[in-house]
Amino acid sequence: MAVTTNVLLGVGGGIAAYKLAYVASRLVQKGAQVRVAMTPHATEYVGALTFEGLTGSKVIRSSTQIDDDGSPPHIAAARAAAVYVVAPATADLLARLAAGAAAAAVSLLALTCRCPILVCPAMNDSMWLAAAVQQNVATLRARGCEFLGPVTGHLAEGYDAIGRMVEPDAIVERALQLATARR
């Protein structure tokens, strides 16, 4: 299935961040143009060079970044995106998104995008079930964000519970569905 669409991928700083390299790769293989933004914590789990190599595009790492052509990438990428995928969406990242924080590239893009936003949470079950996190999820849903997951599965803490990020193939499939529905 050859796809011609622009996908924006916002990578959060959780252990599941490594799975987004697969997501980026699969999207590119399916014909999508992919631009990646990363939180500062995400770069502690996966290097920006990994995503740059997979996508052929410079990673957006700050709200003040300027591309080689002199344009701010958070504006150009937001305008071009058919879908914005935010994963892994940690409890901290959900709070920033719900608050409308604009200091970091991933949350800034959520403010500037006019396309569907697909949020894929990943965190400890205690965090996911916390009232504050559920309030942030409700706020984001009310603003039109779609959530995919979390699911019950093996967590980084060593036990099975709700909070595991959905599998990368599910993210790729839903992102492409949302992107093609917009055309």
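Predicted model: local features only at pLDDT ≥ 70, side-chain atom pairs only at ≥ 80, totals over all residues.
Let's start with strand 4, which spans residues 117-121 and is mostly covered, with five of its five residues buried. In a regular strand the side chains alternate between the two faces of the sheet. Here both faces are covered: Ile117, Val119 and Pro121 are buried on one side, and Leu118 and Cys120 are buried on the other.

Strand 4 has parallel partners to explore as well. With strand 3 (residues 83-89), strand 4 pairs in the parallel sense over four bridges, and Tyr84 has Ile117 of strand 4 as its bridge partner. Strand 5 (residues 146-147) also runs parallel to strand 4, joined to it by two bridges. In that pairing, Leu118 has Glu146 of strand 5 as its bridge partner.

**Helix 2 and its two sides**

Helix 2 covers residues 48-55, and its buried residues are Ala48, Phe51, Glu52 and Thr55. Viewed down the helix axis, these buried residues fall within an arc of 100°, so they line one face of helix 2. An α-helix has 3.6 residues a turn, so residues three or four places apart point the same way. On the face turned away from the buried side, helix 2 carries the exposed residues Leu49 and Gly53.

What do the buried residues of helix 2 pack against? Their partners are strand 1 (6-11), helix 1 (19-29) and strand 2 (33-38). Just after helix 2 comes Gly56, which takes a positive phi of about 75°.

**Two helix pairs**

Two packed helices are described by the angle between their axes and the distance between the axes. Here are the values for both pairs.

| Helix pair | Angle | Axis distance |
|---|---|---|
| Helix 1 and helix 2 | about 15° | 9 Å |
| Helix 4 (residues 91-99) and helix 7 (residues 131-142) | about 45° | 9 Å |

Helix 1 and helix 2 pack at an angle of about 15°, and they are therefore roughly parallel to each other, since angles under 35 degrees count as such. Their crossing is right-handed. Leu20, Ala21, Ala24, Ser25 and Val28 of helix 1 make the contact with Thr50, Phe51, Leu54 and Thr55 of helix 2.

For the second pair, the angle of about 45° makes helix 4 oblique to helix 7. Helix 4 passes helix 7 in a left-handed crossing. On the helix 4 side the contact is made by Ala91, Leu94, Ala95, Leu97 and Ala98, and on the helix 7 side by Val133, Asn136, Val137, Thr139 and Leu140.

Note on methods. Residues numbered from 1 in each chain as written. Heavy atoms only, no water. Buried < 20%, exposed > 50% of the residue type's maximum accessible area, 1.4 Å probe, protein only. Pairing = 2+ DSSP bridges. Arc of directions from axis to C-beta. Contact = heavy atoms within 4.5 Å. Axes fitted to C-alpha atoms, helices over the stretch in contact; angles between N-to-C directions. Parallel < 35°, antiparallel > 145°, perpendicular 65-115°, else oblique. Left-handed = near helix turned anticlockwise from the far one by under 90°.
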